[in-house]
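Please keep the sequence and the structure in view while you read.

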Amino acid sequence: MSYKKVAVVGAGAMGAGIAQVIVAASTEVVLMDISAEFVQGGMKRIEGRFASDVKKGKMSPEEKDRVMGLVSGSANHDDARDVDLVIEAIVEDRKVKGELFQSLNRVCPPETVFATNTSTLSVTDLAGLSGRANRFLGLHFFNPVHAMKLVEVIPGLDTERAVVDAATAAMKSIKKVPAVVQDCPGFLVNRILLSYMNEVFLAAEEGIAPGLIDGEAKKAGFPMGPLELSDMVGWDVSDHTFPILHGAYGERFPSLKLVGKLNSAGRLGLKTGGKGVYNNGEIDDEFRAMVAGLNSKGSGAPFSFDRLMLKQINEAVYCLQEGVATAEDIDRAMVLGTGFPNEAGVGGPLHWADAMGLDWVLSRLKALTETEGPRFWPHHLIKTYVAAGRLGKKAGRGFFAYQ
Ligand code: NAI
């Protein structure tokens, strides 16, 4: 990797994972947190993962000792004085992150690049707080870091091109797949994934059975049902994130009632003993009563999984047209970051749309706009493609070209 030494700040779930993949690629890391105890916790996580690799025969005990020798721990910002790159993975709080970067800005040499692993804050805003906006970017890893290949590389408005290029190359050298993505709420993957989740939660509020929604998703090729996934991630995370997306994109991400209800009932999912939408795999009376109490009837149109798919297809087209990422990167990122169905190595929302036919996508979105409302209003780019005869795979040309 082009960086000789990296400081990873925040020794929690993400920070420990990020430190682990960097030392595994033979680059020195100083893992930092607010106290020696938290640093030790992170070091133990890393050691535990390498120990499990040794057990599985993926790594020799000597190799484990060598890579563990590359990571040191510290609770003192001065120990970041000789690093080329800082990756911040601390609590998701603008003020706390801003103070951290300001302190490190005083300690680190001017060439040191600062990166944030934030999921929901603006990279450009944090860059402004850091005091070195030209050498600041987002490096958004996915959980669990050792298993998830994708990293979103997010320049802020003032980030120098060379900083983006070097960080992109560095992600490749730690065996990740980087996708350069513009700074927007949700970035690329969460923005598209959560447009689907938002529609899933609306369907659940209307009383569509969670088992039906999750079953259809798995039938369509997703590795997990969206409600099972939400139980795993935690409804507190959804409660934090969806209002941010609603604030940014308005009625394409309508406000949700169920998320807050699950939270106030203490049904956060796995972290509350497996009680969320499901209660250890079953739908219980408390959940049924919660949904009935919402009295949300929806349009009354028969439920179809297309509704959930088309919601994310339309958002993917918004991302394409806004230049958030290229068509190739949108699809690659959705496959790697969310397990979007990927048959024979070709998948992702834009390939899916091409395979279904963009004329069909357009007419379904128009029909859903009639029944469900303007959040399904087809993006004008789809109309342009259809008018130009770029109907997708069957026409040899859609978002992608086909032989
Ligand atoms: P976590 O709660 O597991 O770890 C955060 C760590 O940061 C804790 O050890 C805490 O002591 C430390 N910390 C807090 N304030 C600090 C400070 N001022 N200086 C140094 N250390 C400090 O959190 P997690 O899940 O690892 O998330 C960290 C960041 O990564 C957040 O910004 C989150 O939004 C982002 N992220 C989380 C993902 C996830 O699935 N958990 C996925 C992608 C990004």
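An oxygen atom of the ligand lies 2.7 Å from an N or O atom in the side chain of D33, but begin with N143, where an N or O atom of the side chain is 3.2 Å from an oxygen atom of the ligand. This is a predicted model, in which local features need pLDDT of at least 70 and side-chain atom pairs count only at pLDDT 80 or more, whereas totals for chains, interfaces and linings use all residues. Residues are numbered from 1 along each chain as its sequence is written, and side-chain values use heavy atoms, with hydrogens and water left out.

**The ligand**

- In the side chain of E92, an N or O atom is 2.6 Å from an oxygen atom of the ligand.
- Taken alone, the ligand exposes 830 Å², of which the protein buries 73% (areas by the Shrake-Rupley method with a 1.4 Å probe).
- The ligand is surrounded by 21 residues, each with a heavy atom within 4 Å of it, and M14 and K97 are among the closest.

**Helix α9**

- In α9, which spans residues 226-233, the residues P226, L227, S230 and D231 are buried (under 20% relative accessible area, 1.4 Å probe, protein chains only; helices are DSSP runs of H or I with at least four residues, numbered from the N terminus).
- These residues lie on the same side of α9, because they cover an arc of only 145 degrees around the axis, taken from the directions from the helix axis to the C-beta atoms.
- After α9 comes G234, whose phi is positive, near 110 degrees.

How values were computed:
Buried < 20%, exposed > 50% of the residue type's maximum accessible area, 1.4 Å probe, protein only. Helix = DSSP H or I, 4+ residues; strand = E, 2+ residues; numbered from the N terminus. Polar contact = N/O pair within 3.5 Å; in protein donor to acceptor, adjacent residues only side chain to side chain.
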